[in-house]
Amino acid sequence: MPKRSFRIALGVVFGTITLVAAIGIYMLMSAFDYAEAPHRGTGKDVEVEIVSGMSFPSVASKLHEKGVISKPSWFRLYAMWEGKTTDVKTGKYLIKDNLTPKEVLAIIIAGVKEVTVQVRLPEGLNMLEFFELLDKAKVADKGELEKLARSKEFLAKYAITTDTVDGQLFPDTYQFRLGEKPHVVLERMIERHRKVWNELMGKHGKSAAKLKEKLGWSDRDLLVMASIVEKEAVLDRERPTIAQVFMNRLLSPSFKPKKLQTDPTTRYGCLV
């Protein structure tokens, strides 16, 4: 190749490299300027949910769709330069619409601050009353909880053969996140119920087995009887006496049909 042609080719290569570098520097400087410029907004809070598995381009697009940032490509370029594209935390964010992109990036990198609330779910309440308390505490919507509590798919997942989860939710004091998913709330209460039930059966398994054999009862029947006694008693000390009266009736050959027909069962049927 003649020297002159070689020099021309070399000049083209260097010129191209210089042009690309200049464009890169320009874009990078523009991205930095953009990152420091507040977004045009009114200062209102915008809810943005970032879910597991979202790529950073998808995150940038979501922020743009919600009106939090104006230039998703530059936002991505700035985040790439900062090395933060893989540090985004999932969660539901409330982000003001007049922040700088730099501030927005800092928020989604820091993550959502978890806010929890303590909720006491006392003994003797049915599932709808539990759901009312959870709704008031802003843990989960009572309508969504009830819908899930009657869902055949959800019941099947936990091998619950009745029409609802009622009787499978343990009364206790819980620490829940605000705005928790309904299935998380119910699953936690079901798991607590089963843990306590297994502990009780470990202590009183022989007595329970004899009772189930005599009356042909299931675990569910034992639980129903315990609930009836609890509702019938005014004072805790009355429970053993009431339970004994009911059991004497059910075990008596002359007690037919074997239906207690107590006030608690009538009230329950009207409520749930």
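This is a short chat about one predicted model.

Q: What kind of model is this, and which cut-offs apply?
A: It is predicted: local features need pLDDT of at least 70, side-chain atom pairs count only at pLDDT 80 or more, and totals for chains, interfaces and linings use all residues. Residues are numbered from 1 along each chain as its sequence is written, and side-chain values use heavy atoms, with hydrogens and water left out.

Q: How many helices and strands does the chain have?
A: The chain has 11 helices and four strands. These are DSSP runs, numbered from the N terminus: helices are H or I, at least four residues, and strands are E, at least two.

Q: How much of the chain is buried?
A: Buried residues are 30% of the 272 in the chain. Buried means under 20% relative accessible area, exposed over 50%, and partly exposed in between (1.4 Å probe, protein chains only).

Q: Which residues touch the most other members of the largest nonpolar core?
A: F131, L134, V165, L169 and M189 do, out of 26 residues in that core. A nonpolar core is a set of buried Ala, Val, Leu, Ile, Met, Phe, Trp, Tyr and Cys residues joined through side-chain atoms within 4.5 Å.

Q: Which element gives the most to this core?
A: α8, with five residues.

Q: What is L169 in contact with, leaving aside its neighbours within four places in sequence?
A: L169 is in contact with M127, F130, F131, L186, M189, I190 and H193. Contact means heavy atoms within 4.5 Å.

Q: New topic. Which residues of helix α3 are buried?
A: In α3 (residues 72-82), F75, Y78 and A79 are buried. They lie on the same side of α3, because they cover an arc of only 95° around the axis. That arc is taken from the directions from the helix axis to the C-beta atoms.

Q: Which exposed residues are on the face turned away from the buried side of α3?
A: S73, M80 and W81.

Q: And what comes just after α3?
A: G83, with a positive phi of about 70°.

Q: How many residues line the second largest pocket?
A: The lining has 18 residues, and G91, K92, V112, L178 and G179 lie nearest the centre of the pocket. β2 supplies the largest share of the lining, four residues. A pocket is an open set of points on a 1 Å grid over the protein atoms alone, where a 1.4 Å probe fits, with protein on both sides within 12 Å along at least five of seven lines; lining residues have an atom within 4 Å of a point.
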